[in-house]
Amino acid sequence: MGAFHVFSTSPVYRACRMLKAVLLALVLAGWPAVAAAQSSPGAVCDMRTTERVVAVGDVHGAYDQFVGILRAAGLLDARARWSGGRAILVQTGDILDRGPDSRKVLDLLRRLERDAARAGGRVHALLGNHELMRMTWDWRFVAAGELDAFRTSDSVDLRERALAVVAAEAARRAREEERTFDEAAFREQFLKEIPLGFIEMRQAFAPTGEEGKWLRERPAVVKINGILFLHGGIHADTAALGCQGINEAVRRDVEVVNPTADQVLAMLSSRETGPLWYRGLAEEPDPAFAPQVTNILAVLGARAIVIGHTVAAGFRIATRFDGRVIQIDTGMLGGSFYPGGMASALEIRGDTLTAIYQNGRERLPAPASVPAAPAPVPAAATPVPAPR
């Protein structure tokens with residue numbers, strides 16, 4: 001099935017199969033769509049700056065850890081307000097799923113995006129595979145706390161109104177097919193598969209929802225001073241699209257409304273070799289894979305690639321292929337998902353790279369130069385392990 005397992009037995013994911021009926025219920029119940037006024041991320045494939053750049057990897061709802069590392073990097077003050085001046089923050093995706101506070105992380109990034117711009121800085125929040133999953137209704141990794149964050153005082157009433165519409169439709173179909181309709185059993189199953197907060201979160205991440213609209217406007221890749229930043233990695237086949245082509249392809253993917261399983265599987269964004277899922281730059285052997293890396297960088301006109309998605313060994317920021325690939329996912333969420341994981345940030349000042357942790361800093365090797373005209377190397381045929 002590849003990287004995107006669309007058939008799951010998770011109760012939350014099974015609930016997604018009832019979404020058409022739930023959406024009908026919302027329309028009939030008068031539940032309004034919320035539109036967000038967000039601007040386009042603009043041209044992000046050839047940015048130049050003399051300011052420092054700070055990159056942070058996968059957050060997965062770890063709000064407190066995220067705030068802590070941004071403070072350690074000098075980007076936030078004691079009140080969690082932007083204090084980075086003209087600095088540039090790049091967050092490489094996967095702010096959602098697994099942890100309970102993803103909504104707080106998302107709200108913080110949206111606010112920092114505005115506040116940094118006022119101070120002359122920039123915030124680039126990129127899409128990860130878990131943002132894609134949220135927008136294409138694969139909710140296998142949604143944490144209970146994430147649903148709770150969308151509950152309101154009206155959640156019980158909203159769910160009852162949705163249930164009434166869905167149950168009436170199910171009863172009608174049963175009559176047409178001359179089947180017995182057990183209203184009590186249907187209600188029990190509905191309440192089990194549609195927890196409180198589910199409908200509100202579904203609305204929020206729809207194309208017209210506040211969170212959904214913002215996410216759909218985020219790029220998958222940015223390039224700053226010749227360094228590419230993205231979530232998963234760049235496969236040789238994908239590199240040919242270029243930075244702008246990759247962003248355009250991902251944008252087309254996430255603009256599909258309520259995609260079918262077949263549509264999702266056909267998306268570049270959901271492929272094992274796509275920019276949100278590819279793990280080859282983190283897992284292919286070094287130095288055997290080095291010629292591939294050289295070719296990918298040359299095609300993209302880049303000198304290095306910064307990636308998240310795959311947790312680095314020892315939960316420390318790591319460099320591979322003579323510093324030309326930098327892994328910044330260090331298992332920030334910790335706990336049962338990433339025992340021993342920690343928050344980290346990568347600071348780039350010119351050619352100086354520094355790993356920032358809560359308890360100190362560590363100098364990293366600068367990327368080696370990229371040959372101007374490398375010999376073409378066939379794409380690796382080794383299958384990539386399924387996502388973790």
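Trp-137 sits in the loop between α5 (129–135) and α6 (144–148), with helices taken as DSSP runs of H or I, at least four residues, numbered from the N terminus. Phi of Trp-137 is near 70°, a positive value in a residue other than glycine. Most residues other than glycine have a negative phi, and most peptide bonds are trans. A cis peptide bond turns up between Asp-286 and Pro-287, with omega about 20°; Pro-287 belongs to the loop between α14 (280–283) and α15 (290–300).

The model is predicted, so local features need pLDDT of at least 70 and side-chain atom pairs pLDDT 80 or more, while totals for chains, interfaces and linings use all residues. Residues are numbered from 1 along each chain as its sequence is written, and side-chain values use heavy atoms, with hydrogens and water left out.

Next comes a helix pair. The axes of α7 (residues 155–176) and α8 (residues 183–193) come within 11 Å and cross at roughly 135°; axes are lines fitted to C-alpha atoms over the stretch in contact, with angles from 0 to 180 degrees between N-to-C directions. The two helices are therefore oblique to each other, a label for whatever is left once angles under 35 degrees (roughly parallel), over 145 (roughly antiparallel) and 65 to 115 (roughly perpendicular) are taken out. Contact (heavy atoms within 4.5 Å) involves Arg-159, Glu-160, Ala-162, Leu-163, Val-166, Ala-167 and Ala-170 of α7 and Phe-186, Arg-187, Phe-190 and Leu-191 of α8.
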